Amino acid sequence: MKRRDFLKAAGTGALIATSAGTASARDNLPVSEEAVGMLYDATLCIGCRACVVKCKEINEMPPELVEGAEQWDMAEELSADTLTIIQAYNGATGGNAARLEDGTFSFSKRQCMHCVDAGCVSVCPVKAMKKDPKTGIVSHDPDACIGCRYCVMACPYNVPKYEYDEAFGQIQKCQLCNQKGVERIDQGQITGCTEVCPTGANIFGTRKELLAEAKRRLQLKKGDTYRYQLSSIDSPHTYETQVKADYQQHIFGEKEGGGTQVLVLAGTPITNLGLPELPERSYAANSETVQHTLYGGMIAPAGILAGLIYLARRNTKGGDHDE
Amino acid sequence: MSNQYQRLDHKIVTLPFVFLCLLIGITALILVERFVFGLGAVTNLNDGYPWGVWVVYDVIIGTGFATGGWALAMVVYIANKGKYHPLVRPALLASLFGYSLGAFSAFVDMGRYWQAYNMFLPWQMNFNSVMLEVGLCVTAYTIILVLEFAPAFLDRFKAPRLKELLDRWLFVILGLGVLLPAMHQSSLGSMLIAAGHKVDPLWQSVSLQPLFALITAIAMGFSIVIFEASLVTAGYRRPSETHLLKGLGKIIVYLLVGYFVLRFGDLLLRGELGRAFAGDLRGNMFLIETLLFLTPLVILLSPKRRSSGAQLMIAAVSLLLAGALFRANAFMIAWHPGGGYVYFPSTKELLLSIGFIAIELAGYLAIVKWLPVLPKVEHA
Ligand code: SF4
Ligand code: SF4
Ligand code: SF4
């Protein structure tokens, strides 16, 4: 019996594992200086869905029709054909718009949040989900993707969608209008959905400027007059109007899950608008910390393997097994 | 080593075998439909439930059931308990089937399977991804299993040169054969960490996830060895191997005690244990799961019960169900993506999963009659 050898080998392995672990625990990723994004202010949104239409046009996606009903786009949720959606929520209960009673409702725009520390990027085995180091735009490369749908699992906002009804389906999600063949941001343009928004409910800009603007708006009271930007934070086009509702003192996306590059303001609790409550530490940071603790530099596995091989060699020496 | 094993002298084509082949035929048709019309044509997968029974049962639970070869390699070659050697080959054969089918199901479920090779291109690899670790490890381990099982083939077809080469490197193969499954079985648990709040807190432990997956996988490995050995004994009226199996029962006790301490300690520390008694689906599933883990512990704690073939079998089956339910719960029942999505597997999804079990059974039955896999009767 070589019990002592076994314990020795196991002990060495454990030791290496612990030392590797302390070296690689990781915090949330930092936000890049030039990160771009959007600010959606639900108090300004009139639910016209111009953004949804423009988004479909840019991404060449068909309307979602309901058989037997009048033929217009009936999309109610994000899908592989609908990369952004306007939903109406009962501001008091977070329930469906159809069940509105007291008239306190709010629209909500959903699309990829372009997380600062994106789960989809962290889990993708083949780097098909990528975060641009400068703009922070999270893009998807269908030529690399194997369709495992781990990104779908790991996105806290249920954003990436797979085309289940196609033999050669792919993952679809908002890429901030900067995907191959579109490249609006790289060409100095702004996203389609902000460009067409008639009320300035959705504006484009750098995350830094948008965050500053969001903080300014939080100071406002219902009934104050304020000069809102249209389309983008640095646009010459603005309009002055009264503030429609008291802002909730919360900028969604400032801290949630490590922060997002799409920020949301609303007059009703934002978690009632189809957005989840998230801890400040990103899930990606948790997952990568555990993963790197176990496999950091493959030092621990290599150490354990050496122990295992040593034991296997001793115990199989002489070809046949001693019994 | 070679004369420890023998072929089973029975006809290969029997009535059950033909029935299994029928199920396999249905599976083949479903596969054709999936590849021609896409995943949506045969599955109920949707935007909220990206992974269904094919991933959860065929891959995650299936490889859990296929840990017998790994468990025995640990006992025989690492802890040097040679007396278990006769059980090694049948366990390796079952593992080989479980893993190759697991890898194949992962491929079938891959939305863009024709690009699967990207996982093996160094410049495409994302080393932060748990999925990458699982994918590479499972592939490597399946190859290792082929090599570990190769002696059975080489014994039958007398290839001394190859056998010699294999023997020379066997210790490396064995080392990898213990390390690789340990790595990816624990990673199967880690896979959930990134999903955060979408997994119910009863199954979402941030740092212990890999350990739970690992312990339950090893316990399932020993259980499946007990299960298979008992079935073969009963099915082909061969001498009982209880004298060997009871030792494995004892190892399981240690594993289960460790598991309970960690699992409940974690739930208590996080203050989530109360959810177990909420009376809802998830709470109740947790209780059933816990009961299934508790049964083998109670049975195997007594040395007397441990020596009874029937009791050992009950314990093993209960533990296999427990391990399977733990995985099904964590990946499917405890999954709440929000947005009103629901999922229940389609008939075709279930038929394919059943078909894969049929392939394993039919393949196992055929191979033990074709190659020297089962322990020699005089020795046992
Ligand atoms: S919202 Fe989802 S898809 Fe978009 S960057 Fe974040 S994790 Fe990725
Ligand atoms: S589905 Fe594609 S993009 Fe998503 S994680 Fe898998 S390989 Fe990456
Ligand atoms: S940024 Fe572009 S792709 Fe994204 S939601 Fe707006 S229009 Fe659609």
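Modeller: The term means a side-chain nitrogen of Lys or Arg within 4 Å of a carboxyl oxygen of Asp or Glu. This is a predicted model: local features need pLDDT of at least 70, side-chain atom pairs count only at pLDDT 80 or more, and totals for chains, interfaces and linings use all residues. Residues are numbered from 1 along each chain as its sequence is written, chains are lettered from A in the order in which they are written, and side-chain values use heavy atoms, leaving out hydrogens and water.

Biologist: Are B:Asp155 and B:Lys163 buried or exposed?

Modeller: Both are buried (under 20% relative accessible area; exposed is over 50%, partly exposed in between, 1.4 Å probe, protein chains only). By contrast, B:Arg168 and B:Glu164, a salt bridge at 3.9 Å, N to O, are both exposed.

Biologist: How do I read an interface?

Modeller: The size of an interface is often given as the accessible area lost when the parts come together. Here chain B and chain A bury about 5,700 Å², 58% of it on carbon and sulfur atoms (accessible area, 1.4 Å probe, lost on being put together, summed over both). B:Asp47, B:Arg112 and B:Phe171 supply 12% of what chain B buries against chain A, more than any other three residues.

Biologist: How many salt bridges cross the interface of chain B and chain A?

Modeller: The rule finds one. B:Asp109 pairs with A:Arg149, with the closest N and O atoms 2.6 Å apart.

Methods
Buried area = accessible area lost by both parts, 1.4 Å probe.
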